[in-house]
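Subject: Handing over the structure

Hello,

Please have a look at it first and then read on.

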Amino acid sequence: MLKTLAVVIAVIATLVGTITSTPAQKRGGVLKFAVPSVKPGLDPAHTSTGDGYMLTQAIFSNLTRIDDHLEPKPQLAKSWDANAQSTVWTFHLQQGVKFHNGRELTADDVVFSIERILDPKTASRGAKALGPIKKVVAKDRYTVIFELAGAYGDLPLQLGNTFARIVAKENVDKLNSQPIGTGPFKLKEYSPGNRVVLARNPDYFEKGLPYLDEVHQVFLKEYAAQVSAIGGGEIHVMYLVPVEIIGQLKKDANVQVLEVPSPSFQSIEMFMNQKPFNDPKVRLAVKLAADRKAMLEASTGGHGVLGNDTPVPSFSRWYNKALPQRERDVPKAKQLLAEAGFKNGLDVTLYTSTGRPGMEEAAVAFRESAKDAGIRVRLESVDITRLYSEFLRKPREFTMMQVNWFGRPTIDEMITPFMFTKSVWNFMEYSNPRVDALLTDALGMTEFDKRKRLYDETQKILHDEGPWLVAYFRNYLSAIRTNVRNYKLIPVQYVELRDVWLE
Amino acid sequence: MTLGAYVLRRLGLLVLTLLAISLLVSGIFQLLPGDAAEQILGAWAERSGATLTAMRARLGLDRPWHEQYLGWLAGAVRGDFGKSLAMDVPIAPLLAERLGYSLRLAIPALVLGVTISLVLGVVAATRRNGIIDHLITVVTLTGVSVPAFVLGSVLILVFAGWLRWLPSSSALAEGSGPGYWARILALPVATLTVESLAYITRTTRSSMIEVLKTPYVRTATLKGLPRRVVLVKHALRNGLLPTVTVVAFNFGWMLGGVVVVEQVFNYPGIGSLVLFAIEQRDLPLLQASMCVVAFAYCVANLAADVLYAVLNPRIRY
Amino acid sequence: MAVTIPRPAAIALPRARRWPAALVAGVAILGTFAIFAAVGPWIVPYDVEQFHRASALEAPSHAFWFGTDRYGRDVLSRVVVGSRSTLAMAAAGTLLGVTVGLVLGLGSGYVGGRPDEALMRIMDIVMSFPSLLLALLVVSVLGASAVNAVLSIAVVFVPRVARVVRSAVLGLRTAEFVEAAQVRGERGSWIVTREILPNLWPPIIVEACVRMSFAVLMSVSLSYLGLGAQPPTPDWGLMVAKERAFLVQAPWVVLFPAAAIVTLVIGVNVLGDGLREWLMARKTADE
């Protein structure tokens, strides 16, 4: 009797043990990663696409790391603090971090890397993306001090972005094709435009990481190849899944489609100083005439969220919830046009491109819906480079532009570069002193509630009279094989591989 | 003119052609909207253009056109084609690598295509206007008119997706040696072969038909010689002359003109490199790769003309 | 007694002769597509740009004979109306290329000497680019559109046609009737248009058919690379290129336009064969 009880207890204990123990991370394996487009170059100052960001994130490290909730976490900096006005920030570095060539990383390397990005001769668009940095100084071997031109609460977050990677001075000439960093992976093989092979860095400063032996990034452009490869296990992760093949992938039991809302969007933009869009009634008419659901469906196949004519998406904690979601209202649009002097409708040209997925499909849907309000849209599909270099920079009458914008992690970056008077990417020439004042004040604050009030008002103004029709935000979709563990989608399409493992 | 002198003259013209091509490409390029700096920066180039100016200075694009061209030319004659603006790597080794890939694709495809086409062409000519002839016509025409990317997609889905005999893309295969090459070349070679079948077959067929009608061949048949002897000893030698020209054309085409097949299979050949250079506005890379393609084309044509002259004494120069 | 110099027989239609089967087939196919191109929009069941969201990606059915695409547009209507874009692009490109090539080849071949050499060198240089790469370069400079695709196709064809015409002219330049005309004192341009040109029509027409099938295939390739006709135009190459992701899920979206392309190319080639046979037969009959 006692013997049976003992056996029963032992069995129960084993069962309980198996159920409650967490699966251990497996070391080893080669992760194959597919990207649908590539842009060559590994210099963090000049990378501009997801495939490049992914590689520099694996090869280099930053002071801070952006996690999947868009919060800064310690990486090369084990801690940081700021003075009361948030104008001077001090970062305390990890010790014993080695570059791939064996040399230890010190504060001088941080100073060099940041100054390099800020230097206009480097021609990096990151110069304006790190915040208002006046000076960066190495206080001692493991301490870096940032002196800012004004209060800026988001500095730790910005130092986690793709420009703020820490590079080695001696490597600068070969940075684009033979980079060395302090990241979890070293560059093993590089065939630009074709394939990249990364191998584990055995001296990585976070002990135990990375789990993977190697990471291969391959360029798979053709849909048939993408579907075959992930279905057959030739690749483990597909970075961006084209909407067309989602249906097929979902049918495969070994493939998981991951989806996360992201701040990327495709706006239809109107030149503020040109006829007819200099009249706010016309701009509003355009926004009311559009069938947002149809545009969302056309561009993303339903994998996105509706936009409310500002660059801030509804799932962002900064979103102005009091703002009602704009709905299609054709009679009101017609009335506004009549009031503006366009009783018989409006003829406009919309420049779009097939160069980015979903753009031209949404333009077609917009054209269909605008017809009902008397807005006759002529579509001009041009090469994406021409769209940006030629058409976007030349304001013209009766012309609209469709632009594809990547999401930004901070609220200030989402709005200021586009809407502040004469700002870097304010191609529509929008200028409102009230908005300028709101953005400037909010930038210097650190308290969430106070900042939110200012950004709420900004959103209301842009929603009513701004130059953009933002109909939708595109979700970020990836596909992974079910044996890939701990692969998290970061909404700004960064890829973190150091703690991913394969079963 | 002797054959040797003829070849030398053609080679001289070849050099002139290459010069003209690089000049032409460079000139056309100035008409292309946007440049490499704008490509790198994209929409993120600022309104004020400050970053753009700095980037142009970095890439050497702020020099006047003729200076850029002459600088490139001076390097090119020494074998140094400069650096690719978009990839930031030296061009010469990159070109050599891509050319190697293209040759590995073109040669098997050509050998396979020509062999099959010759057989089909001769068969079609000898059974002219019969069922087999019409069947061959329809099959080869279908082969060439099914768009290459459709055929390619179907092949990938069947052989890589369903049967799993071959990799889905050349970037996914591992290893080296003949086994590796056989695996990554199988599908692109198959697609290219199907594409080139129609024209070589039809050229062979029409010229064979012409030759078979000539008094020379008819006499041989009337003399009582067996069909096969007539065919091989008398008809083929002249009948295949136009085929030589078409084959040379095909070879040149396979080296540079098969961009679509290269894109579908992710095969890193020269055609894709040219497409990339155009998209990225990478002028040094475009000039160099266009010259290489043109060079290969001209050499192939020269070889065809020499072969033609050797086979057909009547048209010696 | 007066001696009459024999002149080439006047062109006359054969009466009781059987037309080659290839010619009939070619004309039938091309003719059908030409009819579609002309009256397509009026004979199709649906508007080509009409989205039927509720029936997206539906298999061929009673309502939609060829099925629908991802926006719910009727594939049958788009294929029929698509003949317009495809046929127009191919025909225009071919016509333009052949015309310019003809003029250049005629002039160069007849005049001969230095200008001929120079022109042929230039043609050689243009020909040393594979056609698609040259078309790519031209379209990139001019911008991606159907019109520019036509221009790039024409540019590619001109040197090839010029060469073919030139060799034919070189052959005819020494013919008896040409010499007779020169002896009579006829002007060069008269000789070219009245004596040489009529003898060139057969090879030119056949060459044009071959070129046209290349034109169709080139415009399809340009569409794949995003450089040909632009959305939302119904164009077969564009349809196949844009919808090829659905090859497994919804094959009808790709297969019907692809079948149209195949049929057109076969038709044009068969027409060329038929014409060659018919014209050769007519020639031998007149000799």
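Let me begin in chain C, where Leu142 has its place: C:Leu142 is in helix α4 (residues 131-142) of chain C. Helices here are DSSP runs of H or I with at least four residues, strands are runs of E with at least two, and both are numbered from the N terminus. C:Leu142 is partly exposed, with a relative accessible area of 39%. On that scale, buried means under 20% relative accessible area, exposed means over 50%, and partly exposed lies in between, using a 1.4 Å probe and protein chains only.

Before going further, two notes on the background. This is a predicted model, in which local features need pLDDT of at least 70 and side-chain atom pairs count only at pLDDT 80 or more, while totals for chains, interfaces and linings use all residues. Residues are numbered from 1 along each chain as its sequence is written, chains are lettered from A and ligands numbered from 1 in the order in which they are written, and side-chain values use heavy atoms, with hydrogens and water left out.

The areas come from the Shrake-Rupley method with a 1.4 Å probe, and for residues only the protein chains shown count as cover.

**Chain C as a whole**

Chain C has nine helices and zero strands. Its C-alpha atoms fill a box of roughly 85 × 50 × 25 Å along the principal axes. Of its 287 residues, 55% are buried. Chain C exposes about 12,800 Å², and carbon and sulfur atoms supply 66% of that area.

**Salt bridges**

How many salt bridges does the structure hold over all chains? There are 42, each defined as a side-chain nitrogen of Lys or Arg within 4 Å of a carboxyl oxygen of Asp or Glu.

One of them joins A:Asp154 and A:Arg451, at 3.7 Å from N to O. A:Asp154 lies in the loop between β7 (143-148) and α4 (155-158) of chain A, and A:Arg451 in helix α14 (residues 448-465) of chain A, so this pair ties together parts that are 297 residues apart in sequence. Both A:Asp154 and A:Arg451 are buried.

In another, the closest N and O atoms of A:Arg292 and A:Asp309 are 2.9 Å apart. A:Arg292 is in helix α8 (residues 292-300) and A:Asp309 in the loop between β13 (304-306) and α9 (330-339), both of chain A, and the two are 17 residues apart. A:Arg292 is buried at 4% relative accessible area, and A:Asp309 is buried at 2%.

Back in chain C, the side chains of C:Asp124 and C:Arg121 meet at 2.7 Å, N to O. Both lie in helix α3 (residues 113-127), three residues apart, which is about one turn of the helix. C:Asp124 is partly exposed at 24%, as is C:Arg121 at 29%. Finally, salt bridges with shared partners join A:Glu244, A:Glu360, A:Glu361, C:Arg70, C:Lys242 and C:Glu243 into one network.

Enjoy exploring!

Best wishes
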